[in-house]
Amino acid sequence: MTTLRDLSRHLGLSVTQVSRALNNHDDVSADTRERVHLAARELGYQPNLSARRLVTGRSGMLGLVLPDIPKEPEDSLFVQVVGTLSQHLSRLGRQFVLHIADPQEDIVEVYRRLIGGGAIDGFVLLDPEIRDRRVAFLRKAGVPFVIHGRIEEPHDYAFYDIDNRGAAERLTRRLIEAGHERIAFLNGPRARTYAASRWQGYRTALTAAGLAEEPGLHRFGPMTEGEGLVA
């Protein structure tokens, strides 16, 4: 098994330099970091997570918790998100943990247990709700996280998202400009932030065009093919 000392001898660098390069410290040049990561891959180096935890107090592991088994495993977006996260973290020498919770267990208690075990340094949160209990808990616990999506203002946290409100407004306006007046809107679950944002965009476009919103033409629900057929 290749060790840090093996990498050090192979590259002609100190163990400290190699370690800091593998952990992407800014005081190591980009060229050196790339050289060290390349050698680590070529020689099959794998970090010792137990040793890392003893030295840094961190495991280098990031987690994604799902409240249940995905109902539609063929969902390409879910596969892309999980696959890309895992690949990117692997390039950075980090480990990615996907945890499927028992749907009967309180989701906050799941996070509390994972944090208490000291195995996971931070989390990626998917499918946020408008007032998300996970965010409140992780903030209070001081555990880093990033959200795919957004919750209520202010956005004092890391997130990556699209302009859901603007997209819905532009799509609705496009239909109005094409001469349509009764426009149905099939939306996501009511508690989800993206669904609320899209609804706002839809209503904004209708109001700007002087059209009344018809409640019967707006439906909240799971974003699945089956739900679309029912609607």
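User: In which helix is His 37 found?

Analyst: His 37 is found in helix H3. The model is a predicted one.

User: What makes His 37 buried or exposed?

Analyst: The relative accessible area of His 37 is 12%. Buried means under 20%, so His 37 counts as buried. Leaving aside neighbours within four places in sequence, His 37 is in contact with Ala 21, Leu 22, Asn 24, Arg 91 and Leu 92.

User: Why are helix H2 and helix H3 called roughly perpendicular?

Analyst: Helix H2 (residues 15-22) and helix H3 (residues 30-43) pack at an angle of about 90 degrees, and their axes are 9 Å apart. Angles from 65 to 115 degrees count as roughly perpendicular, so H2 is roughly perpendicular to H3. On the H2 side Val 18, Ala 21 and Leu 22 take part, and they meet Thr 32, Arg 33, Val 36, His 37 and Ala 40 in H3.

User: What is the relation between H6 and H7, and how do you know?

Analyst: H6 and helix H7 (residues 133-141) pack at about 30 degrees, with axes 9 Å apart. An angle under 35 degrees counts as roughly parallel, and the two helices are therefore described as roughly parallel to each other. H6 passes H7 in a right-handed crossing. Residues of H6 in the contact include Ile 107, Val 108 and Tyr 111, and those of H7 include Phe 137 and Leu 138.

User: Why is the pair of Tyr 111 and Phe 123 called edge-to-face?

Analyst: The structure holds 4 aromatic pairs. In this one the ring centres are 4.9 Å apart and the planes stand at 65 degrees. Tyr 111 lies in helix H6 (residues 107-116) and Phe 123 in strand S3 (residues 122-126), so the pair ties together parts that are 12 residues apart in sequence. Both residues are buried.

User: What makes the pair of Trp 199 and Phe 220 edge-to-face?

Analyst: Trp 199 and Phe 220 are 5.5 Å apart from centre to centre, with 90 degrees between the planes. That angle is over 60 degrees, so the pair is edge-to-face. Trp 199 is in helix H9 (residues 193-208), while Phe 220 is in the loop between strand S7 (218-219) and helix H10 (225-230); the two are 21 residues apart.

User: Is Trp 199 buried, exposed or partly exposed, and how do you know?

Analyst: The relative accessible area of Trp 199 is 26%. Buried needs under 20% and exposed needs over 50%, so Trp 199 is partly exposed. Arg 203 lies over the face of Trp 199, at 4.7 Å from the ring centre.

User: How do H8 and H9 cross?

Analyst: The axes of helix H8 (residues 164-177) and H9 come within 7 Å and cross at roughly 35 degrees. The crossing is right-handed.

User: What sets Asp 127 apart in its phi?

Analyst: Asp 127 has a positive phi of about 55 degrees, although it is not a glycine. Most residues other than glycine have a negative phi. Asp 127 is found in the loop between S3 and H7.

User: Why does Asp 127 count as partly exposed?

Analyst: The relative accessibility of Asp 127 is 39%. This value falls between the limits of 20% and 50%, so Asp 127 counts as partly exposed.

Terms used:
Residues numbered from 1 in each chain as written. Predicted model: local features only at pLDDT ≥ 70, side-chain atom pairs only at ≥ 80, totals over all residues. Heavy atoms only, no water. Phe/Tyr/Trp six-rings, centres within 6.5 Å; stacked < 30°, edge-to-face > 60°. Helix = DSSP H or I, 4+ residues; strand = E, 2+ residues; numbered from the N terminus. Buried < 20%, exposed > 50% of the residue type's maximum accessible area, 1.4 Å probe, protein only. Lys NZ or Arg CZ within 6 Å of the ring centre and 35° of its normal. Axes fitted to C-alpha atoms, helices over the stretch in contact; angles between N-to-C directions. Parallel < 35°, antiparallel > 145°, perpendicular 65-115°, else oblique. Left-handed = near helix turned anticlockwise from the far one by under 90°. Contact = heavy atoms within 4.5 Å.
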